[in-house]
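Some comments on the model follow, as numbered points.

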Amino acid sequence: MSQSLPTPKIQPYGDAAVLLSYGVEGFSDAASQAVLSLSQHFKAQSGWTDIVCGYDSIMGTFDPQVMRLGAAVNRFQLAAQSVDTLDSIAAVTVDIPVHYGSEHGPDMNAIMDASGLSEAGVIDAHAAQTYRVCMMGFVPGFTFLSPAPKALHHPRHDTPRLSVPAGSIGIAGWQTGIYGLSSPGGWQIIGRTEASIFDINRSPIFLLKAGDNLRFVPQR
């Protein structure tokens with residue numbers, strides 16, 4: 001795994017956090033796997049108040065009254081040096097039912113026109129592969145996945161919509177993901193799931209987490 005990984009940059013992020021970044025452009029499967037393995041490693045340790053994954057970066061926060069900044073940086077450096085020996089994350093696979101197109105996917109026609117595929121072709125392509133949940137954010141429950149099939153890559157809207165319904169499935173460039181809450185957004189929407197990704201009254205409140213595998217299941 002480390003053969004295709006650049007040397008990460010590890011730096012303090014304020015006085016109560018450490019940031020590790022591989023600094024890759026686009027998506028790197030090796031960097032994503034390394035980040036998730038590091039996440040699992042740090043979450044098994046005491047002393048961290050939160051561990052947050054990005055596509056190619058990871059941040060650990062801590063209470064500076066409990067752990068010194070230098071010690072936190074040292075933990076990250078040691079883990080990064082031995083990332084090859086860390087266990088792969090124990091992933092679970094979650095099936096997400098999706099109603100594609102029509103009122104659920106207002107941008108389906110744009111993806112069809114750009115890809116040259118029929119609606120059935122877009123659906124088959126999008127649902128054909130198993131995705132990895134790489135990270136969560138920018139609003140609670142927003143699920144950032146590993147790349148969509150290349151034929152479906154499409155730029156986001158120049159002007160975001162003021163409101164995108166919760167559960168909407170979108171494409172932005174090479175990315176595909178799920179809106180966990182109704183929010184403004186500029187992704188191309190091709191479908192919607194009835195699954196609740198974020199529910200503050202449920203335990204756990206998030207249906208998905210970084211490291212999970214995900215399959216979209218078209219509802220005909």
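1. In this predicted model, helix 1 (residues 29-43) and helix 2 (residues 69-81) have axes that come within 11 Å and cross at roughly 130°. Angles over 145 degrees would count as roughly antiparallel and those from 65 to 115 as roughly perpendicular, so the two helices, helix 1 and helix 2, are oblique to each other. The crossing of helix 1 past helix 2 is right-handed.

2. Which residues make the contact between helix 1 and helix 2? Helix 1 contributes Leu38, His41 and Phe42, and these meet Arg75, Phe76, Ala79 and Ala80 of helix 2. By class, the residues of this contact are five nonpolar, one polar and one charged.

3. Turning to the strands, strand 1 (residues 9-12) pairs with strand 2 in the antiparallel sense, over four bridges. Within this pairing, isoleucine 10 is placed opposite leucine 20 of strand 2. The hairpin formed by strand 1 and strand 2 has four residues between the strands, and glycine 14 there adopts a positive phi near 80°.

4. Strand 2 also pairs with strand 4 (residues 57-62); the two run antiparallel and are joined by five bridges. Here alanine 17 lies opposite threonine 61 of strand 4.

5. Is strand 2 mostly covered or mostly open? Strand 2 spans residues 17-21, and four of its five residues are buried, so on the under 20% relative accessible area criterion it is mostly covered.

Note on methods: Residues numbered from 1 in each chain as written. Predicted model: local features only at pLDDT ≥ 70, side-chain atom pairs only at ≥ 80, totals over all residues. Heavy atoms only, no water. Buried < 20%, exposed > 50% of the residue type's maximum accessible area, 1.4 Å probe, protein only. Pairing = 2+ DSSP bridges. Axes fitted to C-alpha atoms, helices over the stretch in contact; angles between N-to-C directions. Parallel < 35°, antiparallel > 145°, perpendicular 65-115°, else oblique. Left-handed = near helix turned anticlockwise from the far one by under 90°. Contact = heavy atoms within 4.5 Å. Nonpolar A, V, L, I, M, F, W, Y, C, P; charged D, E, K, R; others polar.
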